[in-house]
Amino acid sequence: MFAPPVNRAMKVLDRAFFQRTVPTSAARIFNPRDIARVRSALDRGHDTLKTRLDSVRVDPEPARAAKGEKCLILKPEVLHNDRNTWSSNLQELEQAGTVGVIPFELQLDYDYFNYSEITNAIIPPPEKKNEDEIPTGFTQAGHVAHLNLRERYLPYKNLIATVLADKNPTVRTVINKLDNVGSENAYRTFQYEVLHGPDDLNVQVSEQGCVFNFDFAKVYWNTRLHTEHERLCGLFKEGDAICDVMAGVGPFAVPAGKKKCFVWANDLNPDSYKHLDQNVKSNKVDSYVRAFNTDGAAFIRSSAVELLNDARSIPIYPKVKFSRSAPKAAEPPKPLRTLVQPRIFNHYVMNLPASAITFLPAFIGLYANVPGMPASEIRKLLAPHTDVKLPMIHVHCFSTKSKDDAAVSKSVCEELSQQLGFELTPETPDLEVYHVRDVAPKKTMYCASFRLPEEVAFRDA
């Protein structure tokens, strides 16, 4: 009764087609002051219509409507001409002269129906049970909605996009990915077609109290990773040194800078680097975050060496409220504390799940042959000589979807071990294989976190 009319021959969206009249009844409320009391009583009696619509309506008679009289729409089972369908609450209100029960024609239109209802009314359902269902999911970056349409739905792509934009007020542009699902180039960008709205992919996204601006067509961004961004950033502590090897436009680096971490952030894509640098400055974390544009494996090695010799410190001052009327302080405020940049990274982030694991050999011999600094001297910077430990490495990867978590962890550890030339197992201290998200029916994204083994870091390659 409340479903839209069906037209599966529609090629261009006709919003006027989606008109439906639902015959029902209504409780005419004679005194506007009684609206709240009547509504409460009829809700308790389960008489009122429960839909997305407001059940309080203007009286259908023009003369009464002119006086401001209202009525309350009742559910279809409540018949105006059959008192046996009325609850005792409705009967008492009617007998008391508070309400009258009248026929009411409820008018529904395109605005009432949601995305799923409209698309199901205009797109043929799957012929077989195992076929793809009508697409309902999409990712959104700023004003851009991103679809991955299956082949069966390509003939309806513009209809789907138009309805999606209509039903999501923050969406202005809808695009569809043209590459095969899961394929990636070196910069993790993809070919696309605009299905609805302007071809404008310059977006603004807010996450973790930071604002990111970027061209979605030229850089990598995945809104569905916001929980993973928050999870890893939650591991970082003030004063930590973070090496973000595949930083993108900064979803890990910029929030880490907000936490007063020293961040060295790199991305191979020149456009990502440009937006990363801009986001660092616009979020006012340029005192803490440095942006680089080079190969990830080379950056792992060069940044580790440079950090050993990069003496930096940042004084932290108390927040001072300034007033035009208050005299200026005679002396500048004294810093509350001073953050000294560590000489060893605390964390490495490697968010390139398609190939990040293949960058792990860059850690072999990381501290074995540092120019001008013998390995023995570097060892003295670490436990047990100090409380500093070798860094935690967080490497994202894909694996076949499985309900056997132990088997997945074992498989991931075997791949880590192969790349490092050192055996890691699920029982290795400080090692965790974390389930990030399912990306396809048979494909899952994981984050393998482990502490860089001393035998790897100081191996004489």
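Modeller: What follows goes through the cavity, the aromatic pairs and the charges over rings in this predicted model.

Biologist: Fine, start with the cavity; how many of 30 Å³ or more does the structure hold?

Modeller: The structure holds 1 cavity of 30 Å³ or more, and about 80 Å³ of space lies in the largest cavity. Its lining is made up of 13 residues, and those closest to the centre are Tyr220, Trp221, His229, Pro251 and Asn351.

Biologist: And how does that lining divide into nonpolar, polar and charged?

Modeller: Among the residues that line the largest cavity, 8 are nonpolar, 4 are polar and 1 is charged.

Biologist: Switching to aromatics, how many pairs does the count come to?

Modeller: The count comes to 13 aromatic pairs. One of them joins Phe262 and Tyr288, whose ring centres are 6.0 Å apart.

Biologist: Why is the pair of Phe262 and Tyr288 tilted?

Modeller: Their planes stand at 55 degrees, so the pair is tilted, given that planes under 30 degrees apart count as stacked and those over 60 as edge-to-face.

Biologist: Where in the chain do Phe262 and Tyr288 sit?

Modeller: Phe262 belongs to strand 12 (residues 262-266), whereas Tyr288 lies in the loop between helix 8 (270-282) and strand 13 (289-292), so that the pair links distant parts of the chain, 26 residues apart.

Biologist: Buried or exposed, that Phe262? And Tyr288?

Modeller: Phe262 is buried, because its relative accessible area is 0%, and Tyr288 is buried as well, with a relative accessible area of 10%.

Biologist: Which geometry do Trp264 and Phe345 form?

Modeller: Trp264 and Phe345 form an edge-to-face pair, with 5.8 Å from centre to centre and 85 degrees between the planes. This pair also links distant parts of the chain, since Trp264 is in strand 12 and Phe345 is in the loop between strand 15 (337-340) and strand 16 (347-350), 81 residues apart. Trp264 counts as buried at 1% relative accessibility, and Phe345 is buried with a relative accessible area of 0%.

Biologist: Which residues form one aromatic cluster with Trp264?

Modeller: Trp264 forms one aromatic cluster with Phe292, Phe299, Phe345, Tyr348 and Phe363.

Biologist: Last topic, charges over rings: what sits over Tyr112, and what lies over Tyr110?

Modeller: Over the ring of Tyr112 sits the charged end of Arg52, at 4.4 Å from the ring's centre, while Lys167 lies over the face of Tyr110, 4.1 Å from the ring centre.

Note on methods:
Residues numbered from 1 in each chain as written. Predicted model: local features only at pLDDT ≥ 70, side-chain atom pairs only at ≥ 80, totals over all residues. Heavy atoms only, no water. 1 Å grid on protein atoms, 1.4 Å probe; cavity = no way out; pocket = protein on both sides within 12 Å on 5 of 7 lines; lining within 4 Å. Points joined across faces, edges and corners; volume = space filled by probe spheres on them. Nonpolar A, V, L, I, M, F, W, Y, C, P; charged D, E, K, R; others polar. Phe/Tyr/Trp six-rings, centres within 6.5 Å; stacked < 30°, edge-to-face > 60°. Helix = DSSP H or I, 4+ residues; strand = E, 2+ residues; numbered from the N terminus. Buried < 20%, exposed > 50% of the residue type's maximum accessible area, 1.4 Å probe, protein only. Lys NZ or Arg CZ within 6 Å of the ring centre and 35° of its normal.
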